[in-house]
Amino acid sequence: MTKYFLLLLLPLMGYAQKESLDKQLFQSYDDFREVSIDSRRFKHQDIEPLIDSLKGRKDFEITVLGRSIQGRNISMISVGEGETQILLWSQMHGDESTATASIFDMINYLKTNKTILKNVTVHFIPMLNPDGAELFTRRNAIGIDINRDALKLQSPESQLLKKVRDSLDADFGFNLHDQSKYYNAKQTSKPATISVLAPAFNVEKDINQTRGDAMRVIAKLNSVLQRYARGQVGRYSDEFEPRAFGDNMQKWGTSTILIESGGHFDDPEKQFIRKLNYVGILSTIEIIGTQSYLTTGLDKYLSIPKNDLKLFDLKIDNLTFSYLGLDFTVDLGINHHEIENKNHSDFYYLGKISDIGDLSTHYGYKNLDATGFTFKVGETYPKILNDFEEFMELDFSTLLAQGYTSVSINDMPQEIKFTTMPMNIIDIKKIMIPKSNTLPASPINLGTNTTFLLKKNDQVVYAVVNGFVYYLKENKNNVKNAVVK
Ligand SMILES: [Zn+2]
């Protein structure tokens, strides 16, 4: 009996083993995750020790390619001895760090796992724009967008990338970026958590061997990603940009794969997306090494849905409010903007209305249908508090239920810009007296007021505070932070 059972199982086991690299990578990820990086705003000084720790190892080669404008080392980490040269570079835009974090996860994996390196040599350039990373900003220290500098090469960061591509004559290139979290996979409510592209090398968007191979590899990568983020892969626009690196790499003969990390549900620091990069890219290195992409049809690439820009952090449908005696019913798209601290190391959220009107073509990470609810502007708690300590002692859910969404404070410390409580603060010293003889402003408008109440049967059911929803009935507080005004 047992014997027959095993015989039946054997072919299945073989199949499972052959198919399971990405599954293994996904399941064992925590064993290799670089724990010293756990959010997006890390800096050059955080990755230097990680690179230094590889020096002296026989299996990794570290090359300092040059320096950024402000003098930060830009290094390349190479591993493997195969013929096919794969070059990966990340964070040429300083505020796009997701793939940099995954590169260090990948390096940890490759310290003890070299099977996927058969036939390939892999070269990582993490954080090509360390000066931009310092300020968590897109451009470099002289305000150049490195991804528009592939031809003129006016920046040292661009020069060294071009030089290393030429010296390796790289067969494959991975151009690793982050994109807006508001991209969705076209005509779906799913975010484009990862977007991919085989950039065009001319205006005609011709497909030659180089670009075709990139498309085939991406098709395989997409089928891996679909297992962990179904429906959440988009295809980036392939409009030819003559100054961009991806487009020119393709022209120079390197099959170039653009990977953009977008947004994912409840993943503000993009740690799940970082894991997707890790699983996807390591799997793709194996796909390149074994040349298993060669039999893939281009249709598999072309059937990946395009990117669209139709997502909001919070979408509220059918909100009815009154203004100047008239009732209006609209949809609201609310986004949570990140307001950084001075060191560019942390942030708080400022909710803003990004769009108003018929948003039936749009989607939300979170959604709320306001049909049947009464809109009410939240009121300010009548008692003026002395200080922040007194504020922290309040019972916030009771105040919200009573219709209050802000509290005034007399002696508000200037350095406090937000509160993690679901209640906005009004700094009495900053209150401005509105101009007389003007019409009152609409309670709903672009760029403003993302704090209000939704009532039913005269009870507050939802409090929207700084663009986050507090569901009073279940005491379910999704407010990441309120703001000081
Ligand atoms: Zn970018």
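Modeller: The axes of helix H8 (residues 209-226) and helix H10 (residues 271-289) come within 9 Å and cross at roughly 135 degrees, where axes are lines fitted to C-alpha atoms, for helices over the stretch in contact, and angles run from 0 to 180 degrees between N-to-C directions. Helices (H or I, at least four residues) are DSSP runs, numbered from the N terminus. This is a predicted model, in which local features need pLDDT of at least 70 and side-chain atom pairs count only at pLDDT 80 or more, while totals for chains, interfaces and linings use all residues. Residues are numbered from 1 along each chain as its sequence is written.

H8 passes H10 in a right-handed crossing; a crossing is right-handed if the near helix is turned clockwise from the far one by less than a right angle, and left-handed if anticlockwise.

On the H8 side, the contact is formed by Val217, Lys220, Leu221, Val224 and Leu225, and H10 contributes Leu276, Val279, Gly280, Ser283, Thr284, Ile287 and Ile288, two residues being in contact if their C-beta atoms, placed from the backbone, lie within 7 Å. The residues of this contact of H8 with H10 divide into eight nonpolar, three polar and one charged, with Ala, Val, Leu, Ile, Met, Phe, Trp, Tyr, Cys and Pro counted as nonpolar, Asp, Glu, Lys and Arg as charged, and the others, Gly among them, as polar.

Technical notes. Helices (H or I, at least four residues) and strands (E, at least two) are DSSP runs, numbered from the N terminus.
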